[in-house]
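Try each task yourself before you read the solution.

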Amino acid sequence: MQLRVPVRGPAALKVLAAAGAAAAPVQLVWGGPSEPPRAPLRPPWAPALELDSGTVLFSPNAICQFFFLTRGDEPTDLSNQWLEWEATELQPAATAALYARLVLGRTALEAAQGLGKLLTHIEQSLARRGAAFLAGDTPSVADVVVWGTLFPILQDENSLPSELQALRTWFQSMTLLEACRDAADSVLMPKALLEFKSYLQKQPPPCLAMQRATSNEPEEEEGSERALTEEEIAAAADAWARGAAALPKPWQPQKPVLPVEGMRNVLITSALPYVNNVPHLGNIIGCVLSADTFARYCRLRNWNTLYVCGTDEYGTATETKAVEEGLTPQEICNKYHTIHADIYRWFDISFDCFGRTTTPSQTTIAQDIFQRLLARGFLLQDTVEQLRCEGCQRFLADRFVEGTCPFCSYEEARGDQCDKCGKLINAVELKNPQCKLCRGVPTVKPTQHLFLDLPKVSLIPGGVQRGWGTPGTTAHPCVLPQPSWRSGWRPGWSSPGPQATGRPMLATSPAPGSGMGSNRAASLATSSGAHRCPSMASVTRWLQPGPSVAVPVPGALLGGPHAQPVTLSPQVFYVWFDAPIGYLSITANYTDQWERWWKNPQQVELYNFMAKDNVPFHSVIFPCSLLGADDNYTLVNHLIATEYLNYEDGKFSKSRGVGVFGDMAKDTGIPADIWRFYLLYLRPEGQDSAFSWSDLMLKNNSELLNNLGNFINRAGMFVCKFFGGTVPNMVLTPDDKRLLARVTLELRQYHQLLEKVRIREALRCILSISRHGNQYIQVNEPWKRIKGDEKDRQHAGTVTGVAVNMASLLAVMLQPYMPSVSLAIQGQLCIPPDSFVLSHDFTCTLPPGHRVGTVSPLFQKLENDRVEALRRRFGGGQPEDLAVEPQAKQTPSASQPPPAPETLMAPIDSQRLQELTQEVARQGNHVRQLKANKAEKAQIDMEVAKLLELKKQLALAEGKSPEVSVPKGKQKK
């Protein structure tokens, strides 16, 4: 294999170091200074590795990992997490730091200051684990990659702060490695650095001012915020003054939703859930909820958006479940399709169409793609070994086989994957295999199957430009190495990663300052499994065709000069060839003009959402099938995948009663929007995360109740209490204008993150704005100023008016995350429908004179006793009497304003009833004492509100209506 390295730029540093460390047998070729990049859209400083098979890898991280893989070093979860972190967080910041050093002339120590939190992250990880290197006791690909990114900036451990001792030791150890020293001597020559400096000077300076480093941990409060410029403050004040008239009018698409010339047409798919089970919280956040959040955001941006999903009803999973429950496959499909639809409806998932794959359209479209692939010579026949049960007289699908895992010795591993270690398995590799139908011992037999010839598809002339040439997208041919598993596709791709905003099947690397990096889903074909990605993908399976089992394969004739007929009956399409075609058929059942979405790559931008185990199929098999069909299909632009969400310290298990499943969530009495918020708050974007009852209580009580809800309620209540329900006049001071600019920065950061589908991080922007609002109110104390002179009263009005407009903005920003809460805020503040659209500027949407409605709390506290009861209930093996009944809903009259979202209610025992009675008495005495002492009215009002809330809880505990009279304040004359 040949490694081509441009003479300019340090991007090749990590690649050369990895080649040396792994002792990779490469031929090194130095590119000339004026030599164009090996691919049209690659940065000129990017290296390229050409394999003996002709495949070319362009991503530096992918090349590094390939070298270590050839040495036999299997990637670990920890090393993959470091590679993801380096690509998405360290690399963009390092590019800016390198620009500062080479172009702006900063010292190494000054440049390193911009990496402060990132360097601290490395320091804390090394110190916490007590290991010499990032992923273990010996240098790994993660160490080489991270070192290669840092060394051009630092070059010496003395450039690191002295308190980062573990990092300094690690950096020195890496620098002293012979492979790293040789690479540095070869790449960081003065002449090369001058050429790279010249290149950087011609590029736009990297701008990280509005980018917040993301991590897998909850974000900490910044000790200090960056200073605002006078231009930013003036621009924010000007945008505010333009008011709601400056907002675009909300787009109301036609029904059915179809692409519109001249608009941004966004097609969103969520991985089709199997119809053989009930989705748990991890399934919900991994696919449908993440996609729903993005779809709602797209609609608020006035992008013409279609969101489709449905149940995947074909395949052996359906047949297995039917055998288990003693039903027909069709009955199983009908039963679980209804269950899924009900769950997603309760979670307020805004599908434009939620369909199913057992339709004539699915058969028609799947067979058409198959026939087109066949006619163009992209299918080939081969003999594979498969387990056959003589007792059942059939070849066994993977899910009909159980045995001992060859990797971890788990005795109940399936024929496709081990539930204990999570590794994908070839069924013939199982030890002590058993047929799940008759418990007989199957034998290995040869059988004929059809395969998609992936390398041949990848050589389609102009295929990449035709399918993936989206402007602004870094695109390169798919990487499909030679090794294959003849028993069908068994991708061993490890940790496919969170998401990619570029094309799948592509090796990518970042442009300076772009921050895009080689996102793991995008570079997966090279970075996670280049040696494992197959050259052939199975298209057929042995299964009894019939209603709700599988799509039968039509009679076939292999193309070529010596075409041969192929006997396929009773073969059917393999589920991973057939299932993604469900996106097309579901759309076809939604509208007979479905081809305007799916055969329109020039106008349609396609987003696929899924969990990480689906990445290989969506990034290789499905796009190659569409590309090979040669029918102008819309190929995926953005592949968005999550890691796994676990439950507490284990995994979800319906059979063991561990974890919350979709049909159980509503029985907890916790509103759907609270579930949505918490799942999106801990969305596993960079690594696996875990649901925790304690953390749910903490986030509900701190972020929602005390932060977001507190601010919105106070802002609305001040309008009602001090200004008769009418937004007062506002005269902005310099401090007020600075707040407008600060909110605008957060709003734009929110947009930047959501445009990259960084859903979890964008949620932090909402919470940050509400924190700014709470601080603003607390500092300015409008409840005191309203009692002062004319100037103080005017300022109280300004603070109240700005605060309630911030609440209005939050209602819109919150809509993708918590639609019911958003609707409640809209109703309470009487926000005009035309203002429910997102722009990049914070404008005054509730002008002076605007009347608000009845303001009430949005959230309720989750008590520890209640949470502990829920933890026990869903901890496995618990009796049903631990169930918590939801609060009965009340239907408001037509004259009432839209209600706040449903609140939380738990059964309360006699002891709790007594405690509430005592608390009401104590709080009542406290209020009377404050009044007797003539305390500040604002303080009295606050304590009265607490008393009313306690009385409400007491009324609920006693089974009474929680209606509490609100004391009337003095009316203004």
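Helices and strands are DSSP runs numbered from the N terminus, a helix having at least four residues and a strand at least two. Keep in mind that the model is predicted.

**Exercise 1.** Find the place of asparagine 774, and decide whether asparagine 774 is buried or exposed.

*Solution.* 
- Step 1: Look along helix H26, which covers residues 759–780; asparagine 774 has its place there.
- Step 2: Recall that buried means under 20% relative accessible area and exposed means over 50%.
- Step 3: Asparagine 774 counts as buried because its relative accessibility is 12%.
- Step 4: Now look around it, leaving aside neighbours within four places in sequence: asparagine 774 is in contact with Asn706, Asn707, Asn710, Phe711 and Arg714.

**Exercise 2.** Work out where proline 857 sits and how far in space proline 857 is from asparagine 710.

*Solution.* 
- Step 1: Proline 857 belongs to the loop that runs between helix H29 (819–829) and helix H30 (864–873).
- Step 2: With a relative accessible area of 47%, proline 857 is partly exposed.
- Step 3: From C-alpha to C-alpha, proline 857 and asparagine 710 are 7.9 Å apart in space, although 147 residues separate them in sequence.

**Exercise 3.** Which parts of the chain does the pair of lysine 249 and aspartate 834 tie together?

*Solution.* 
- Step 1: Side chains of opposite charge can pair when their charged atoms come close.
- Step 2: Lysine 249 and aspartate 834 form a salt bridge through their side chains, at 3.8 Å from N to O.
- Step 3: Lysine 249 is in the loop between helix H10 (230–242) and strand E5 (265–270), and aspartate 834 is in the loop between H29 and H30, so the pair ties together parts 585 residues apart in sequence.
- Step 4: Lysine 249 is exposed at 61%, while aspartate 834 is partly exposed at 44%.

**Exercise 4.** How many residues apart are arginine 264 and glutamate 605?

*Solution.* 
- Step 1: The side chains of these two residues, arginine 264 and glutamate 605, meet in a salt bridge of 3.0 Å, N to O.
- Step 2: Arginine 264 lies in the loop between H10 and E5 and glutamate 605 in strand E19 (residues 604–611), so the pair links distant parts of the chain, 341 residues apart.
- Step 3: Arginine 264 is partly exposed at 31% relative accessibility, whereas glutamate 605 is buried at 16%.

Methods. Residues are numbered from 1 along each chain as its sequence is written. This is a predicted model: local features need pLDDT of at least 70, side-chain atom pairs count only at pLDDT 80 or more; totals for chains, interfaces and linings use all residues. Side-chain values use heavy atoms; hydrogens and water are left out. Buried means under 20% relative accessible area, exposed over 50%, partly exposed in between (1.4 Å probe, protein chains only). Contact means heavy atoms within 4.5 Å. A salt bridge is a side-chain nitrogen of Lys or Arg within 4 Å of a carboxyl oxygen of Asp or Glu.
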